[in-house]
Amino acid sequence: MKGFVCCFFTTSILVSTTISGFAQKRVADLLLHNVAVIDVKNAKTIAHQSVLISGDSILAIGDLSLEKNYRAKKTIDLSGKFIMPSLWDMHVHFGGDTLVEENKNLLPLYLANGITAVRDCAGDISTDVLKWKKQIKAGTLAGPDIFTSGPKLEGLHSIWPGDLEIDDEAALKSALDSLQKLQVDFIKITDNALKPSLFLESIRQAKKRGWKTSGHAPVSLTLQELSDAGLSTIEHLGYMLRVVSSEEAGIAAQRATGKLDNKQAAVKILETQDTVGAVKKIKLLAANGTAVVPTIFGSYITTYLDKNNHAGDANLKYLGPALKRTYNWRVERAAKDDAAAIAFRHRQFEATASLLPLIHRSGMTILAGTDVGFLNSFNYPGFGLHDELEMMVQYGLSAQTALAASVINGPAFLGLEKKYGAVAKGKSADLLLLNKNPLLDITHTRSIAGLIRRGVYMGRAELDQLLVVAAQQVSDAEQKEQLK
């Protein structure tokens, strides 16, 4: 009897231990097995990792032994693959008040290219964009998360459609009140018709309300004046070229009084380049927290239209016929340039693009954005960010710096660095799977093997299907036009 009791007792312990051990295994929705993790911040790659995902967040990450402590509802073997945070495009446009559907059809192109967040920098269909933003957040519409400025601030009789036109501080207050009701994510301000003093006041008042501000940079104001007022981002690298001019303040004063027009100011800026003095000025901008969004690939396209008219671009098949027609104005404008004007725009672009390493070394934050969308010729939604990253590297940045400009600096600009920017426990499960390592060659961001979108795996075949549908939608629209 004693032997029986002892045996029973021992067996009970074994059963209890087995059940307890099984119960201690945590459950994950998705296990990504044997993947190389790209640490963008530190420019490192960590091989043979397991990434466990629960819901829309990373539950755990570690070497393969980690898997002993978890069981997953779904496992994907990623041997030979790389994983990094998904991409962010920090300057896009949706617009054309009769082109709403064609704009909406662009949204899956971002996902197909590994982009899960975009910053919409104004247009004339803000109501629709805000609706898409809510639908995407709710999971009822496929597309990247949208952060939008809504309509931008401008002066009276602006050339841009959909602007909130203001001419005094009372109108400014009303405009900001309306943007507050729309619950926009930041404020966009441009310089086509807005008075310099009101431009500065717009920055100050928006900042007081807790918004970050984004804008063009009027030639009649120095970059330091704009930065001191609180401008968060300078959109387009071309506006930074004046920081290298030894006569920036004088040129601004002459432009403000009408003694120089924009073309004359541009010539004088190029003639007075001083890179030594520029470093000090850029450091002051950086100290204020002002960042820059270069959008250099879009500038490159229009600069060199004399070399490539883009008529044979494969990605034209993804753009609706009416959106394609919005490209014509930049093409027609460039076609009017004579040989001297073409040479000048080439020179101006090269001088501008060469600023990138200087800006980076001086400590100014760079955000990766494209300017893709309506009006901006041959700069294709989704695809354009890969072009932008490649051009940033071509003009002197490291692959790591270019990647960080998208996946780290992008979320940080919007105050979301705790949730995004790394493949780490607790971070968002918006993740890009690649066949090749982009730290070694930035073109490898195009080698997309799949995408994890809010914890849900999308394989290459599913991403390809998004492209097939987008192309078919364009084909259908073109056929309808032909039948009219």
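Predicted model: local features only at pLDDT ≥ 70, side-chain atom pairs only at ≥ 80, totals over all residues.
1. The predictor's confidence is worth checking, and here the mean pLDDT of the protein is 93. Of its residues, 95% reach 70 or more. The stretch to watch is residues 1-22, where pLDDT stays under 50.

2. Find helix 11 at residues 296-303 and helix 14 at residues 339-353. Their axes are 10 Å apart and the packing angle is about 160°. Angles over 145 degrees count as roughly antiparallel, which is why helix 11 and helix 14 get that label. On the helix 11 side, the residues that meet helix 14 are Ile296, Ser299, Tyr300, Thr302 and Thr303. They meet Arg345, His346 and Phe349 in helix 14. Sorted by class, the residues of this contact are three nonpolar, four polar and one charged.

3. Now try helix 16 (residues 383-394) and helix 17 (residues 399-407), whose axes come within 8 Å. The two cross at roughly 140°, and helix 16 and helix 17 are therefore oblique to each other. This crossing is right-handed. Helix 16 brings Leu385, Leu389, Met392 and Val393 to the contact, while helix 17 brings Ala399, Ala402, Ala405 and Ser406. What classes do the residues of this contact divide into? There are seven nonpolar, one polar and no charged.

4. One more helix pair: helix 5 (residues 169-182) packs with helix 6 (residues 196-208) at an angle of about 40°. Their axes are 11 Å apart. Helix 5 and helix 6 are therefore oblique to each other, and their crossing is right-handed. From helix 5, look for Glu169, Leu172 and Leu176; from helix 6, look for Leu198, Glu201, Ser202, Gln205 and Ala206. By class, the contact of helix 5 with helix 6 has four nonpolar, two polar and two charged residues.

5. Moving on to strands, there is an open sheet of three, in the order 6-7-8, with parallel pairing. Which strands stand at the edges? Strand 6 (87-92) and strand 8 (145-148) do, each with a single partner strand, so one side of each has no neighbour in the sheet. From one strand to the next, the twist averages 20°.

6. Staying with that sheet, strand 7 (residues 115-120) runs parallel to strand 8, and four bridges join them. Then look for helix 4 (residues 126-138), which lies across strand 7 and strand 8. Helix 4 runs at about 145° to strand 8.

7. With strand 1 (residues 26-39), strand 5 (residues 82-85) pairs in the parallel sense over two bridges. In that pairing, Ile83 of strand 5 is the bridge partner of Val37. With strand 15 (residues 431-434), strand 5 runs antiparallel, and four bridges join the two. Here Pro85 stands opposite Leu431 in strand 15.

8. Last, a hairpin. Strand 16 (residues 448-453) and strand 17 (residues 456-459) pair in the antiparallel sense over four bridges. How many residues lie between the strands of this hairpin? There are two, and Arg454 takes a positive phi near 50°. For a landmark, find Arg453, whose bridge partner in strand 17 is Val456.

Conventions: Residues numbered from 1 in each chain as written. Heavy atoms only, no water. Axes fitted to C-alpha atoms, helices over the stretch in contact; angles between N-to-C directions. Parallel < 35°, antiparallel > 145°, perpendicular 65-115°, else oblique. Contact = heavy atoms within 4.5 Å. Nonpolar A, V, L, I, M, F, W, Y, C, P; charged D, E, K, R; others polar. Pairing = 2+ DSSP bridges. pLDDT = per-residue confidence, 0-100. Left-handed = near helix turned anticlockwise from the far one by under 90°.
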